[in-house]
Amino acid sequence: MSTTLQSFIAGRWVGQGPKQALRSAINGKVVAHTHEEQLNFEEMVAYARTTGLRTLLNTHFQDRARTLKALAAYLMERKEELYAISAHTGATRSDSWIDVEGGIGTLFAYSSIGGKDLPSSNVLHEGPPMRLGQENHFIGSHVLVPRRGIALHINAFNFPIWGMLEKFAPSYLAGMPCLVKPASATSYVAEKAVRVMMDSGLLPAGCLQLIVGGTGDLFDRLEEPDVVTFTGSADTAMQLRSHPNLLRRSIPFNAEADSLNCALLAPDVTPDDPEFELFVKEVAREMSAKAGQKCTAIRRAIVPRHLMDAVGAALTARLKKIVVGDPAIEGVRMGALASHAQQADVMDKLALLAEGNEILLSGRDGFTPKGEGTENGAFFAPTLLRCDRPLQQTQVHNVEAFGPVSTLMAYDDYEEGLHLATLGRGSLVGSLVTKTPALAAQAVPTFAAWHGRLLVLDREAALESTGHGSPLPKLKHGGPGRAGGGEELGGLRAVKHYLQRCAVQGSPTMLTAVTGEYQRGGAVQESEIHPFRRYFEDVEVGQSLLTHRRTVGEADIVAFGGLSGDYFYMHFDDVAAKQSQFGQRIAHGYFVLSAAAGLFVSPAPGPVLANYGLETLRFVTPVAIGDTIQARLTAKRKIDRPLREGQANAGVVAWDVAVTNQRGELCASYEILTLVAKKGEPS
């Protein structure tokens, strides 16, 4: 029974009259209709700029990270609703897992990134600061702040949930209201996901709006602080990014376009090696997963000429075992293309690829998908072509059949194989299968120039590899040239794409106030109470302790050497030390570190629960026998943490430590991270 989809704008669902019929990829029956009502984009944009921005900027990075985590948990509890509707796209359960749980997993990943790497504010300091004057009265650094614009996300048909959430998560974390425009063919899946998200009651008003259908005059209403992201074909990306309003206002446009990704089998691999089987398995998996409808799928399999027959036979045999049909039937491993229009497009592109090349496997020999009504579905048989002259048959590097279609192509020497890998003119991902580290090292500079991500696969990596076609939240997704020239994901990098970077100059005291982080040389609050005796709520950035002094003697060096086993000549050989650049014996750097801790710690039980990290350690000036050291401990920044089951209710405080000698020279500089209890918790 079909239904009319609705758009979600200005806090309400819009759409009653049916327009375009959206058919099941399995049996051709109508699943839903887009709506006929024209959307008021003026209202949508105004709502995002007022209500959306206001509600988002009333929160901070840590708040939004917590919301993402709660939203991910809510969606995970209702994932079966999403799996059920995803089945109409022709996806198998494992295909839908990438879309459904892969998308939810991305929300979890960005909630973790936000909770760990972002402050409890809307200003992200991107240090370290730089001295702009001799005496450190004038410094400069960079801050990242919410752009105070809106993010328009235009998504592809192949992953209607993951494609939406992998863009939504970092932009929401960055404080940008999102307008989401899914591809019409599978918009019924995206609409369902948005309904579940809005039903959660977790998202602030105006932070997410949904467009079912066309974008009308929306592009004309975008302004300088806005961002547009696009996933789809390279041709459509070119049309959209050249919109006059985007060009006139210099609005950022991030494209992730389909590309002719490749996998290269290195010449060191033989049919008896595990790497040979890994190559065949990887190509077959990328052809069949999501029926080949992945922007990261392997379109070009580049093989040494002497292995073409062996690879062709092994790959054909594996592909023949793949059962195609209705994913609801047990044993079916590959479903349909997402739409009948997509089926026709792949057929047209295959005709172009077949010119001058041999078809090793296709659906021409009685291809019959399993299941009732599948004759009316959008199925396409796994299709493998062979190209023996890839330097002459240029269409294999220019034409993409976005389905279960791949081309084997031969190379005569390794450099030629690497050159073939570049002829796609920019790809999202490439794979190199080899057992020789030197061949990997030789390949990477060439590969990396033309690919956004590179998988180097051997028998060891295969034990844990997530595969050629799996973008990961912590790694960049995107590629140069034909692949769109954009970047998504990449951990914190993706959040920064939606923030505005600004260089800030001023005194250390002023930059401390601006960044929310103590900048060395700035004004401090000399603490009457030892900073380690304060609970998290009572610690303020800039609270500081100047310790008593300690003179370093020879006995300290001897004792530390005995404890640590470090008898390096600079500490114990007087003759060799005098001949060194320092001209005398010096204390161990780690002794200085330990001695400083002895100077600033408060030994009695208190709110500081643990020291769990040390960063940016530098030994600047050596400490000689007879030198007197002193430490200054200053609260540098605070990161609030939500209460977690089974853990103490605590926040993180980072402390700046500067160790100086009797001449005021900096000897050691570092930052320590402590877990500090909140009030009401046992210390």
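Buried here means under 20% relative accessible area, exposed means over 50%, and partly exposed is in between (1.4 Å probe, protein chains only). The model is a predicted one, so to speak of local features takes pLDDT of at least 70, side-chain atom pairs count only at pLDDT 80 or more, and totals for chains, interfaces and linings use all residues. Residues are numbered from 1 along each chain as its sequence is written, and side-chain values use heavy atoms, with hydrogens and water left out.

Now to the rings. Searching the whole structure turns up eleven aromatic pairs (rings of Phe, Tyr and Trp, the last by its six-membered ring, with centres within 6.5 Å; planes under 30 degrees apart are stacked, over 60 edge-to-face, the rest tilted).

Phe-157 sits in the loop between strand S8 (151-154) and helix H5 (162-173), and Phe-402 in the loop between strand S16 (383-387) and strand S17 (405-411), so their pair ties together parts 245 residues apart in sequence. (Helices are DSSP runs of H or I with at least four residues, strands are E runs of at least two, numbered from the N terminus.) Phe-157 counts as buried at 19% relative accessibility, and so does Phe-402 at 6%.

The other pair also links distant parts of the chain, with Tyr-590 in helix H19 (residues 589-600) and Phe-619 in strand S26 (residues 608-619), 29 residues apart. Phe-619 is partly exposed, at 41% relative accessibility.

Elsewhere, ring pairs join Phe-532, Phe-600 and Trp-655 into a cluster.
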